[in-house]
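Hello,

Here is the structure we talked about. Please open it and follow along with the notes below.

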Amino acid sequence: MVTRLLYLARHAEQDLSEVSGTAPGEPDTGLSERGRRQAILLGERLRARRFAAVHHGPLRRAAQTAELIAKSLPEVPVYETELAGDHLPHDTDPVGLPPAYAEFLAQFSAAGRVDGPRVTAEAVRRFAGPVGEGPAGGEPVRELVVTHSFLIAWLVRHALDAPEWRWLGLNSHNAGLTVIRYSAAGPPTLVAVNDVAHLPLELRATGLPPDYLT
């Protein structure tokens, strides 16, 4: 088995002028001008890495982020996949959770509570583990997934083998980078989490709940 380095990036900042609220099911929106700058800088940071593929979710903000990143990764194939979409990753029981978490979970439909965890489980099977074949010389296989905060939170929780409810509260910066190493030699390793070193201060901290910044 060949080591996989899974690079996870949350989409860059979306154009909030197109959005009326923050509840699940809002209209699909593209990137703001600030988001475009975030995506370009993330691509420049990743330019020196050799990637097998870039995967992104179907929503415009993820697709546009991947498109801008890919300009720094010539000849790397880019794929759209529902596995990187914006889904409820787990039908978490709200009993015993803080009231804010319970209120958040109550927003999701019955269909979303079934479909989201199913797709997320498929994403784990596809991305969360070493690969069977890789490049000569033992170099790790690097894949970039441009996705949403929920899937990143779930994969971090999964890598740590933390309780299933613990994906809640793990929020990613727009264009933040998380890297997980999967090797047959041991459990997953978090190489980087929510890294925004590629962004100047004025482009950081977008996409986080307001009370995180107080």
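His-87 counts as buried, because its relative accessibility is 13%, and the cut-off for buried is under 20%. Keep in mind that this is a predicted model. Find His-87 in the loop between strand E3 (78-80) and helix H3 (99-105). Its side chain makes a polar contact of 2.8 Å with the side chain of Glu-82. A polar atom of the His-87 side chain also lies 3.4 Å from the backbone oxygen of Gly-85. Not counting residues up to four places away in sequence, His-87 touches Glu-82, Gly-116, Val-119, Thr-120 and Phe-150.

**Aromatic rings**

Phe-150 comes up again here. How many aromatic pairs does the structure hold? There are six. One of them joins Phe-104 and Phe-150. This pair is edge-to-face, with 5.7 Å centre to centre and 85 degrees between the planes. Phe-104 lies in helix H3 and Phe-150 in helix H5 (residues 149-160), so the pair ties together parts 46 residues apart in sequence. Phe-104 counts as partly exposed, at 24% relative accessibility. Phe-104, Phe-108, Phe-150 and Trp-167 form one aromatic cluster. Look at Trp-154 too: Arg-157 lies over its face, 4.1 Å from the ring centre.

**Tyr-7**

Now go to strand E1 (residues 4-10), where Tyr-7 sits. Is Tyr-7 buried or exposed? Tyr-7 counts as buried, at 7% relative accessibility. Leaving aside neighbours within four places in sequence, its contacts include Leu-46, Phe-51, Arg-142 and Val-179. The C-alpha atoms of Tyr-7 and Glu-67 are separated by 16 Å, and these residues are 60 apart along the chain.

Best wishes

Definitions and conventions
Residues numbered from 1 in each chain as written. Predicted model: local features only at pLDDT ≥ 70, side-chain atom pairs only at ≥ 80, totals over all residues. Heavy atoms only, no water. Helix = DSSP H or I, 4+ residues; strand = E, 2+ residues; numbered from the N terminus. Buried < 20%, exposed > 50% of the residue type's maximum accessible area, 1.4 Å probe, protein only. Polar contact = N/O pair within 3.5 Å; in protein donor to acceptor, adjacent residues only side chain to side chain. Contact = heavy atoms within 4.5 Å. Phe/Tyr/Trp six-rings, centres within 6.5 Å; stacked < 30°, edge-to-face > 60°. Lys NZ or Arg CZ within 6 Å of the ring centre and 35° of its normal.
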